[in-house]
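User: I would like to go through this structure with you, starting with the charged pairs and then the helices. Could you take me through it step by step?

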Amino acid sequence: MKRYRAIIYAALLTGLCGVASAQTAAPVVERQGQGPSVVRESESPGVRTTPQEPSSVERSAQPGRRAGSGDADGVAIPADQLVAAGWERFKAGDWLLAEDAFAKALATARGETALRARLGLGYTSVRLGKLPQARENFQAAVDAGYNLQETLPALLTVLKAQGDREALKRYAAMLPESQRGQWAEVKPEEAAPSPTQTAQAPAAEAGVRQAFTLAGANPPAAKLQAMLARYAGALGSCSDADVFLKIAQGLSGQGQSAQARPVLTKLLSCPRLDFGIRLGAFYELAAITPPDIAREHLHRYQETAKGLTEKQLQSLRELAVVLDKKEMGQPGIIKSRRLELAGDILKASPGDPDARAALAWDALDKGEPAKAYDAFRALKDQYPSRQDVLAGLGYCLYHLGRLDEALAVASAQSGDPAMKDLAYQVYVKKAFAAVEAKDYPLATAMAKKAAGVWPEGAEVREVEGWTAFGKGDFTQAYAVFQERYAATGDKRYLSPMLLALSRSGQRVKAFSTAAQLAADANPEGKAAAAGFYKDQNAPILAASASDNKDPATANAATQMADAVGFVRSKTGDSGFSRLTEWSAPASYSLAGRDGWRLTGAFTPTFLSSGNAPAIPYAGSYYAQASGVPPRNSLITDLTVYTPSLSLDVEGPYKLRFQGGTTPLGGPIAVMPTFTANASAPEWEVQLHQKPVTESILSWVGQRDPYGSKTWGRVLRSGGQGAYVFTPAEKWFVSAGGGAEYIWGHNVADNAGVKGNLSAGRTFDILDNQLALGAFGTIKHYARNLNFYTFGNGGYYSPDLLFIAGPFVRLRSPQYRDYWFDLEGSVGYMYERTAGASKYPVTGASVFAPTSGQIAEIGGSYSGKSDTKFSYSAKGEALKLLTPYLAAGVFGGVNNAADFREAYGGLGLRLYLDPQASFWAPKGLFRYYTPLASD
């Protein structure tokens with residue numbers, strides 16, 4: 001019985017009696033999307049639990065998983081069930097059935113499951129009095145470094161009971177020095193009292209002591225309860241305390257903790273109780289009750305006890321540490337309390353590995369992997385086989401980005417579930433890194449390795465989805481993300497779903513789905529919709545969906561006022577093709593939360609072409625051939641005004657409608673103008689009627705110097721479009737073209753076609769986008785009307801224009817408090833102009849024309865051809881000066897025609913609601929300035 005009691009004490013010293021009810025399992029690390037892992041403690045001994053809700057997600061939310069369930073190394077699930085059944089039978093006192101369950105589990109289990117089975121088999125063997133078998137199992141667990149805070153004291157107690165001094169000394173050396181004293185002596189087993197001794201004992205001892213002795217080894221709970229009832233008086237008088245302690249131990253060992261507790265409580269209230277018996281009662285009570293109850297009795301005793309020796313005081317301090325460790329290992333304990341206990345334990349026992357490990361895990365949890373690594377490394381040097389320390393070391397390496405080293409740690413302990421988690425996460429992190437680097441073959445390879453550890457891993461499917469997305473297989477990407485959403489209900493999967501839908505061409509369905517999410521009360525759905533709208537350059541809808549919570553698009557529906565001023569200079573003949581333009585567009589706009597913006601603009605413009613000759617070669621010049629002096633002077637300077645009203649609409653296809661007139665002023669009545677644009681990320685189409693702004697003649701018209709008629713004010717009516725192909729990541733091919741009918745007042749009709757092709761590659765430079773490539777442009781006009789005699793239009797209209805060369809473009813990202821867009825090109829230019837009639841439309845009437853007049857009227861201009869080096873450069877830059885005011889500059893220069901042109905200007909934008917960034921940077925200069933020319 002002495003041996004039996006020693007074994008029970010060993011279990012109690014760990015604060016984890018028998019059933020390992022407070023065992024601390026290896027920490028579980030749950031991956032969360034693309035972001036950092038969160039370290040948590042498992043909720044029950046030796047059994048993996050369902051993970052808690054993740055705290056944050058980078059790419060998309062992932063459901064919880066059980067580590068190692070992929071069974072990559074053949075861990076048999078029935079073994080886990082057998083271990084759990086063994087503990088249930090142990091709790092019920094069915095030790096033979098418990099032994100059978102643990103033995104069967106041990107026969108098939110591997111890794112941690114096998115060690116848990118050994119722990120249970122060791123405790124069961126103690127209950128059945130099979131000390132050699134108990135030693136074998138405890139020793140195997142200790143040698144494997146498994147749960148040393150529990151298995152080592154249990155082994156030491158068995159060795160002490162067996163009297164194996166050499167083994168006891170060897171294993172006691174693994175304890176902190178302050179805890180080795182209690183294992184220093186090996187006392188011989190106390191023999192049971194003989195009948196003679198019993199007969200000679202006092203009458204008071206002959207009662208419960210004799211009854212307990214006669215009951216034999218391991219008396220059933222019913223007999224023990226009967227003894228308590230029969231000898232209650234002896235317990236009340238604190239007699240035979242050691243016997244009553246054994247009775248309480250027997251009851252608790254058979255699952256009768258409720259009957260054992262009052263016995264222990266009574267013993268602890270005895271004022272002159274032997275210290276050794278009291279200590280045993282303390283440990284037994286600690287094993288069957290929460291730590292606070294035993295701690296309360298301990299504090300009461302420490303306050304009243306007097307004359308204790310230093311060794312006894314040390315024993316009480318060690319008991320306090322045991323209670324703290326038991327509480328620290330309890331499932332459900334709040335993190336702050338666990339850390340507080342770890343600190344208290346280290347004050348009493350600075351080398352305690354459990355407390356040190358708890359603080360190391362806390363450092364990792366707080367995002368201090370370097371600090372945690374140092375702590376785990378020190379622990380590993382002392383406890384090289386301890387699984388939770390190795391796991392912590394591996395996760396530190398993982399968070400430090402030393403993935404290959406982390407994988408090496410996990411591979412060395414591949415049978416442990418925590419290590420499977422680590423290996424899985426390393427493969428997943430490598431896979432996502434490969435996705436970010438656009439190395440899709442590597443991403444696929446890493447995902448396959450992760451699936452080898454856990455085939456059902458949610459992150460594996462997510463990697464597959466993003467890999468398909470990156471490779472342009474948007475249909476497959478949508479299918480994967482939709483599958484994850486259907487399986488989890490997590491609305492954060494909706495954002496990549498929407499992107500995949502949009503890029504697969506199903507833009508109407510994508511925007512319809514986003515609108516439903518934006519109208520939902522669920523904040524996750526709103527966030528997904530807002531992110532989608534932002535990606536699609538729909539800032540008003542994004543701001544509406546996020547309720548203006550995203551600073552990048554907040555208040556995108558604000559009212560705005562713009563003021564711009566610029567000058568444009570075009571070379572040419574003075575009084576004719578030369579043009580200097582001074583303009584000051586002003587506009588005001590308002591918007592609606594459902595994605596529209598209405599803008600009214602008014603542009604005063606001063607035009608000047610320089611001084612014209614006294615007898616200009618223009619208009620009906622043939623009339624002057626007979627000596628008729630000019631009747632009118634050419635218009636060389638005038639001020640005109642251009643009104644405009646536009647509507648922009650965000651949606652599956654971005655729409656813009658702009659209506660207005662040609663400039664108010666000049667000799668010819670105004671004409672209506674309009675543009676209608678529809679675009680998506682890959683294409684754009686436009687219908688338009690626009691003025692030709694190359695000269696005063698083409699823009700506002702002229703008076704015939706030699707007659708009463710007017711001519712000019714030329715319009716371009718037609719359409720154009722473009723499409724961008726992406727044959728590979730970051731590579732593009734853009735093709736476009738258009739056709740126009742060109743007409744004006746008393747101007748010969750014309751037609752023109754154009755086409756362009758460009759190809760290149762984009763590069764990311766400090767968040768800016770650089771595009772490099774080559775381009776080719778071709779134009780053709782049916783007639784050459786680039787003259788100023790009557791019927792001509794005064795605009796460049798070559799029979800053939802071809803330009804080819806390299807180009808470069810650098811743009812800043814959107815949604816910053818600044819914006820710039822710079823582009824330039826150089827190239828080879830070939831132009832050929834056709835011969836043309838001097839007077840394609842009759843001007844002034846001439847009666848009885850002279851031969852000279854007839855020759856002039858029937859004359860023609862000759863064509864020409866030329867090659868030259870061409871260049872073009874333009875750009876704009878804006879800065880948000882305050883939340884309510886932005887300023888910018890723009891400019892450009894080119895010679896891609898038979899003239900050179902340069903322009904530059906600045907602008908201000910006033911917001912009525914505060915802004916944090918530019919969500920529509922092109923809006924200030926791209927609609928009413930030369931930057932908008934096509």
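Analyst: One definition comes first: a residue is buried under 20% relative accessible area, exposed over 50%, and partly exposed in between. Please also keep in mind that this is a predicted model.

User: Which residue does Asp817 form a salt bridge with?

Analyst: The partner is Lys879, and the closest N and O atoms of the two are 3.4 Å apart. Asp817 sits in the loop between β16 (800-811) and β17 (818-833), while Lys879 belongs to strand β20 (residues 864-882). The pair links distant parts of the chain, 62 residues apart. Lys879 is also partly exposed, at 36% relative accessibility.

User: How many salt bridges are there in the whole structure?

Analyst: A search of the whole structure finds 42 salt bridges.

User: What about Asp365, which residue does its side chain meet?

Analyst: The side chain of Asp365 meets that of Lys335 in a salt bridge, with 2.6 Å from N to O.

User: Where do Arg461 and Glu483 lie?

Analyst: The side chains of Arg461 and Glu483 meet in a salt bridge, 2.6 Å from N to O. Arg461 is in helix α25 (residues 458-470) and Glu483 is in helix α26 (residues 474-488), so the pair links distant parts of the chain, 22 residues apart. Arg461 is partly exposed, with a relative accessible area of 24%, and Glu483 counts as partly exposed at 32%.

User: Which residues are linked in a network of salt bridges?

Analyst: Asp292, Arg295, Asp324, Glu327, Arg337 and Glu340 are linked in such a network.

User: Now the helices. How is a packed pair described?

Analyst: Two packed helices are described by the angle between their axes and by the distance between those axes.

User: At what angle do α21 and α22 cross?

Analyst: Helix α21 (residues 387-399) and helix α22 (residues 403-412) cross at roughly 160°, and their axes come within 7 Å. The two helices are therefore roughly antiparallel to each other, since angles over 145 degrees count that way. Their crossing is left-handed.

User: Which residues of α21 and α22 meet there?

Analyst: From α21 there are Leu390, Gly394, Leu397 and Tyr398, and they meet Leu403, Glu405, Ala406 and Val409 in α22. By class, this contact has six nonpolar residues, one polar and one charged.

User: How far apart are the axes of α27 and α28?

Analyst: The axes of helix α27 (residues 494-503) and helix α28 (residues 507-519) are 7 Å apart, and the helices pack at an angle of about 155°. They are therefore roughly antiparallel to each other. α27 passes α28 in a left-handed crossing. On the α27 side, the contact is made by Leu494, Leu498, Leu501 and Ser502. On the α28 side, it is made by Arg507, Lys509, Ala510, Thr513, Ala514 and Leu517.

User: And what is that contact like by class?

Analyst: The contact of α27 with α28 has six nonpolar, two polar and two charged residues.

Note on methods: Residues numbered from 1 in each chain as written. Predicted model: local features only at pLDDT ≥ 70, side-chain atom pairs only at ≥ 80, totals over all residues. Heavy atoms only, no water. Salt bridge = Lys/Arg side-chain N within 4 Å of Asp/Glu carboxyl O. Helix = DSSP H or I, 4+ residues; strand = E, 2+ residues; numbered from the N terminus. Buried < 20%, exposed > 50% of the residue type's maximum accessible area, 1.4 Å probe, protein only. Axes fitted to C-alpha atoms, helices over the stretch in contact; angles between N-to-C directions. Parallel < 35°, antiparallel > 145°, perpendicular 65-115°, else oblique. Left-handed = near helix turned anticlockwise from the far one by under 90°. Contact = heavy atoms within 4.5 Å. Nonpolar A, V, L, I, M, F, W, Y, C, P; charged D, E, K, R; others polar.
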